Amino acid sequence: MNKTLTAAFESEDVLKSVETEIINLDVAGFPREKIFVDKEKKEIKVIASGAIAGEIREILQGHSPKKLTERDWAE
């Protein structure tokens with residue numbers, strides 16, 4: 001099952017750092033179109049399969065988000 005992970009951060013610099021780290025994950029073919037960045041809200045939303053959702057969660061938590069939510073996602 002897919003998950004939607006959404007995290008809010010204190011600054012755009014942290015947001016950009018998180019986005020770069022997720023894009024550079026060592027996962028062949030992780031689709032960039034599954035990463036949504038809202039610079040105004042300083043939020044990033046990632047839709048990931050269960051297998052990679054844990055890695056995404058670790059990256060998000062490693063940057064001390066103000067808020068982190070996780071929901072099931074059905075396409």
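**Exercise 1. Is Thr6 buried or exposed, and what is its relative accessibility?**

Before the solution, two remarks on the model are in order. The structure is a predicted model in which local features need pLDDT of at least 70 and side-chain atom pairs count only at pLDDT 80 or more, while totals for chains, interfaces and linings use all residues. Residues are numbered from 1 along each chain as its sequence is written, and side-chain values use heavy atoms, with hydrogens and water left out.

*Solution.* 
Step 1. Locate the residue: Thr6 belongs to strand E1. Helices (H or I, at least four residues) and strands (E, at least two) are DSSP runs, numbered from the N terminus.
Step 2. Apply the cut-offs: buried means under 20% relative accessible area, exposed over 50%, and partly exposed in between, with a 1.4 Å probe and protein chains only.
Step 3. Thr6 has 13% relative accessibility and therefore counts as buried.
Step 4. List the surroundings. Apart from neighbours within four places in sequence, Thr6 is in contact (heavy atoms within 4.5 Å) with Glu43, Ile44, Lys45, Lys67, Leu68 and Thr69.

**Exercise 2. Determine how helices H1 and H2 are arranged relative to each other.**

*Solution.* 
Step 1. Identify the helices: H1 covers residues 12–23 and H2 covers residues 50–62.
Step 2. Take the geometry: the two pack at an angle of about 155°, and their axes are 10 Å apart. Axes are lines fitted to C-alpha atoms, for helices over the stretch in contact, and angles run from 0 to 180 degrees between N-to-C directions.
Step 3. Classify the angle. Angles under 35 degrees count as roughly parallel, over 145 as roughly antiparallel, 65 to 115 as roughly perpendicular and the rest as oblique. H1 and H2 are therefore roughly antiparallel to each other.
Step 4. State the handedness: the crossing of H1 and H2 is right-handed. A crossing is right-handed if the near helix is turned clockwise from the far one by less than a right angle, and left-handed if anticlockwise.
Step 5. Name the residues involved: H1 contributes Val18, Glu21 and Ile22 to the contact, and H2 contributes Ile56, Ile59 and Leu60.

**Exercise 3. Which residues have the most contacts inside the largest nonpolar core?**

*Solution.* 
Step 1. Recall the term: a nonpolar core is a set of buried Ala, Val, Leu, Ile, Met, Phe, Trp, Tyr and Cys residues joined through side-chain atoms within 4.5 Å.
Step 2. The largest such core has 17 residues, and those with the most contacts inside it are Ile22, Phe30, Ile44, Ile56 and Leu60.
Step 3. Trace the origin of the core: strand E1 (2–8), H1, strand E3 (43–49) and H2 each supply at least two of its residues. H2 gives the most, with 5 residues.
Step 4. Examine one member: beyond its neighbours within four places in sequence, Ile22 is in contact with Phe30, Ile35, Ile44, Val46, Ile56, Ile59 and Leu60.

**Exercise 4. Describe His63, Ser64 and Pro65, which follow one another in the loop between H2 and E4.**

*Solution.* 
Step 1. His63 is partly exposed, with a relative accessible area of 22%. His63 touches Phe9, Val14, Ser17, Val18 and Glu21, not counting residues up to four places away in sequence. From His63 to Phe9 the C-alpha distance is 8.1 Å, across 54 residues in sequence.
Step 2. Ser64 is exposed, at 58% relative accessible area. Although Ser64 is not a glycine, its phi is positive, about 50°.
Step 3. Pro65 is partly exposed, with a relative accessible area of 22%. With residues up to four places away in sequence left out, Pro65 touches Ala7, Ala8, Phe9 and Leu60.

**Exercise 5. Where does Ala53 lie, and which residues does it contact?**

*Solution.* 
Step 1. Ala53 is in helix H2.
Step 2. Its relative accessibility is 1%, so Ala53 counts as buried.
Step 3. Setting aside neighbours within four places in sequence, Ala53 is in contact with Lys3, Leu5 and Ala48.
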